[in-house]
Amino acid sequence: MEMTEVYKKLQELQKILSEKYKIQAEKDEAPRTMERQGENVTRRKKENNEISEQYSVAREKVAGLKRSLEEAIKSREEGEKGMDNISTNREYEALEKQITEATQRETEFRKELQVEEKNLADLEERLKFAEADLKEQEEEFEKLRKELDGNLKKYDKQLADLEKKENNVTPGIDQEIVYKFQRIIQRNSQGIVAVKNGVCDGCHMILPAQFANEVRAGDKILFCPYCSRILYYEESEEGEEDYSMISTGFLADDDDDTDGSDDDDSTSDDEYRDDEDSDSENEDDENEDEDEDSDESEE
């Protein structure tokens, strides 16, 4: 089989595998979504039970306070009625004490009952909200369960169809190449890319010139040394920059340098050469001064 035919098959296989792995990921995610929803339902049930228990305790407390309040009111009223029938000072003092204590208890029970009734009303509101939320979560869970059953069947059918297409495409391709290609697609979604102007179209790294020429020759399957994708040669469009003379292992830069930057580099080189000439002239002047001093010393 010619390499051009192999490349076409690999490109077709790439589309099949990309769709296959996408569907497989959705199939794998579906039960996890169901599981998370199930956890939400369990958590809501626990919260609902806790609020329900708090509501029951608060309701019992309110009922007990009401009974205590009724007893205090009854004791106070009995003492007040007894005041009409007292005959001794001792009876008066006893009834006065009964009325005072009953009135005090009545006041305390009324205050506490007011607080607890408010708390009970709040808990009742929370309980209604928790029950409604739990019902909603349970309905959502049941909906997801039904959808999951249908989706799994749909996913299985789609995967089976793609498996058939894959089996129709792979004959004629080395099985080791197919295995590597499958792993590449799982990581990058693209397993075969073009080489243009010595640059891998997958990772945009500049390839060694000799290696790029081998890809262009198309004699065998070659993998990008940087991203491991399968490479095939493609003629570059007119106007695209050629990176074949640039050092390998760098990212290709699509932005052209401006003329101003080139002028700056040229000016910088000229200034550097002028500085070197100036330093050289200074050294010559110093050497001449040293020779004159030496002659004067000998005289």
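The legends below describe close-up views of a predicted model.

**Figure 1. Overview of the chain and its secondary structure.**
The chain holds five helices and four strands. Along the sequence these elements follow the pattern α-α-α-β-β-α-β-β-α. Of the 299 residues in the chain, 28% count as buried.

**Figure 2. Arginine 32 and glutamate 29 in helix α1.**
Helix α1 covers residues 3-82 and contains both arginine 32 and glutamate 29. The two are three residues apart, about one turn of the helix. Their side chains form a salt bridge with an N to O distance of 3.3 Å. Arginine 32 has a relative accessibility of 41% and therefore counts as partly exposed. Glutamate 29, with a relative accessible area of 30%, is also partly exposed. Salt bridges in the model come to a count of 18, and the bridge between arginine 32 and glutamate 29 is one of them. Side chains of opposite charge can pair when their charged atoms come close.

**Figure 3. Arginine 76 and glutamate 80 in helix α1.**
A salt bridge joins the side chains of arginine 76 and glutamate 80, at 3.2 Å from N to O. Because arginine 76 and glutamate 80 are four residues apart in helix α1, about one helical turn separates them. Glutamate 80 has a relative accessible area of 38% and is partly exposed.

**Figure 4**
The side chains of aspartate 122 and lysine 118 meet in a salt bridge of 3.5 Å, N to O. Both residues belong to helix α2 (residues 89-169), where they sit four residues apart, about one turn of the helix. Aspartate 122 is partly exposed at a relative accessible area of 39%. Lysine 118 has a relative accessible area of 56%, which is over the 50% cut-off, so lysine 118 is exposed. Elsewhere, salt bridges with shared partners join Arg76, Glu80, Glu106 and Arg110 into one network.

**Figure 4. A patch of negative charge on the surface.**
Five glutamates make up this patch: Glu136, Glu138, Glu139, Glu140 and Glu147. One of them, glutamate 139, lies in helix α2. The relative accessible area of glutamate 139 is 48%, so this residue is partly exposed.

**Figure 5. The aromatic pair of tyrosine 7 and tyrosine 232.**
How many aromatic pairs does the model contain? The count is one aromatic pair. The ring centres of tyrosine 7 and tyrosine 232 lie 6.0 Å apart and the ring planes meet at 40 degrees, so the pair is tilted. The pair links distant parts of the chain, with tyrosine 7 in helix α1 and tyrosine 232 in strand β4 (residues 230-233), 225 residues apart. Tyrosine 7 counts as buried at 10% relative accessibility, and tyrosine 232 is buried with a relative accessible area of 15%. A pair of aromatic rings is described by the distance of the centres and the angle of the planes.

Most residues other than glycine have a negative phi. Histidine 204 has a positive phi, near 65 degrees. This histidine is in the loop between β2 (199-200) and α4. With a relative accessible area of 41%, histidine 204 is partly exposed. Serine 228 is likewise not a glycine and has a positive phi of about 70 degrees. Serine 228 is located in the loop between β3 (222-223) and β4, and at 33% relative accessibility serine 228 counts as partly exposed.

**Figure 6. Alanine 209 in helix α4.**
Helix α4 spans residues 209-217 and includes alanine 209. Alanine 209 counts as partly exposed at 40% relative accessibility. A distance of 9.6 Å separates the C-alpha atoms of alanine 209 and asparagine 197, which are 12 residues apart along the chain.

Definitions and conventions:
Residues are numbered from 1 along each chain as its sequence is written. This is a predicted model: local features need pLDDT of at least 70, side-chain atom pairs count only at pLDDT 80 or more; totals for chains, interfaces and linings use all residues. Side-chain values use heavy atoms; hydrogens and water are left out. Buried means under 20% relative accessible area, exposed over 50%, partly exposed in between (1.4 Å probe, protein chains only). Patches are made of residues with over 30% relative accessible area and no salt bridge: like charges are joined within 9 Å, nonpolar side chains (Val, Leu, Ile, Met, Phe, Trp, Tyr) within 5 Å. Accessible areas come from the Shrake-Rupley method with a 1.4 Å probe; for residues, only the protein chains shown count as cover. Lys and Arg count as positive and Asp and Glu as negative; His and the chain ends are not counted. The place of a charge is taken as NZ of Lys, CZ of Arg, CG of Asp or CD of Glu. Rings of Phe, Tyr and Trp (its six-membered ring) pair if their centres lie within 6.5 Å; planes under 30 degrees apart count as stacked, over 60 as edge-to-face and the rest as tilted.
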